[in-house]
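The following paragraphs lead through helix packing and then through the pockets of the structure shown here.

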Amino acid sequence: MTHLRWPVALAAVVVALVVQVSLFPHVAWHGVVPNLCLLVVVAAALTVEAPFALLLGFTAGLALDLAPPADHVAGRWALALTVAAFLAARVRQDQKPSALAVVGTVAAASFVATSLFALSGVLLRDPATSVAGLLEVVLVALVWDVLLTPFVLPPLMRLFARLDPQWATS
């Protein structure tokens, strides 16, 4: 079933992206919404081989960069989600991670990705980004992503494992 892996992964990214940019703004807290694309990337990184997760992270990040109402320089989310995929793939040591490890990985990936996105905005002089508001944005994003982890990651990890049992952690 490895031939279905890319279409299913891209469909998961598209669904996550649509929900993230269309439904989640209605529940945003201080303008910050959960990053479902990040959760899809982390699920892939914890389940299948790292090169696939890195490419999926870049693809999901680029889609997030280009999806309306994006108002930032394209490539910032692509970089952030690729780095998050790399870090999450380092957690997987050819064994199934525990629930605590999954939540910790999501928290770390969310912190790193959101921080990288925010700091790149400061470096690129994004007018919507202020140094004072960075910590609040990072912490709110981290809380959102961790709260959604038990609902999003287990089904996605099962899906990725089913599509490529050869690489899936046992």
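At roughly what angle do the axes of helix α2 and α5 cross? The model is a predicted one, in which local features need pLDDT of at least 70 and side-chain atom pairs count only at pLDDT 80 or more, while totals for chains, interfaces and linings use all residues. Residues are numbered from 1 along each chain as its sequence is written, and side-chain values use heavy atoms, with hydrogens and water left out.

The axes of α2 (residues 36-47) and α5 cross at roughly 130 degrees and come within 10 Å. Helices here are DSSP runs (H or I, at least four residues) numbered from the N terminus; axes are lines fitted to C-alpha atoms over the stretch in contact, with angles from 0 to 180 degrees between N-to-C directions. α2 and α5 are therefore oblique to each other, the term for angles that are not under 35 degrees (roughly parallel), over 145 (roughly antiparallel) or 65 to 115 (roughly perpendicular). Their crossing is right-handed, meaning that the near helix is turned clockwise from the far one by less than a right angle. In the contact (heavy atoms within 4.5 Å), α2 contributes Leu38, Leu39, Val42 and Leu46, and α5 contributes Val102, Thr105, Val106, Ala109, Ser110 and Ala113.

α2 also packs against α4, at an angle of about 35 degrees and with the axes 8 Å apart; this crossing too is right-handed. Cys37, Leu38, Val41, Val42, Ala45 and Leu46 of α2 meet Leu81, Ala84, Ala85, Ala88, Ala89 and Val91 of α4. By class, this contact has 12 nonpolar, no polar and no charged residues, where Ala, Val, Leu, Ile, Met, Phe, Trp, Tyr, Cys and Pro count as nonpolar, Asp, Glu, Lys and Arg as charged, and the others, Gly among them, as polar.

The largest pocket holds about 850 Å³ of space. A pocket is an open set of points on a 1 Å grid where a 1.4 Å probe fits, with protein on both sides within 12 Å along at least five of seven lines; lining residues have an atom within 4 Å of a point. The volume is the space filled by probe spheres set on the points, which are joined across faces, edges and corners. Of the 31 lining residues, Gly31, Asp71, His72, Trp77 and Phe117 are the closest to the centre of the largest pocket. The largest share of this lining, 5 residues, comes from α6.

The second largest pocket has a volume of about 300 Å³, and α6 supplies the largest share of its lining, 7 residues.

Key
Helices (H or I, at least four residues) and strands (E, at least two) are DSSP runs, numbered from the N terminus.
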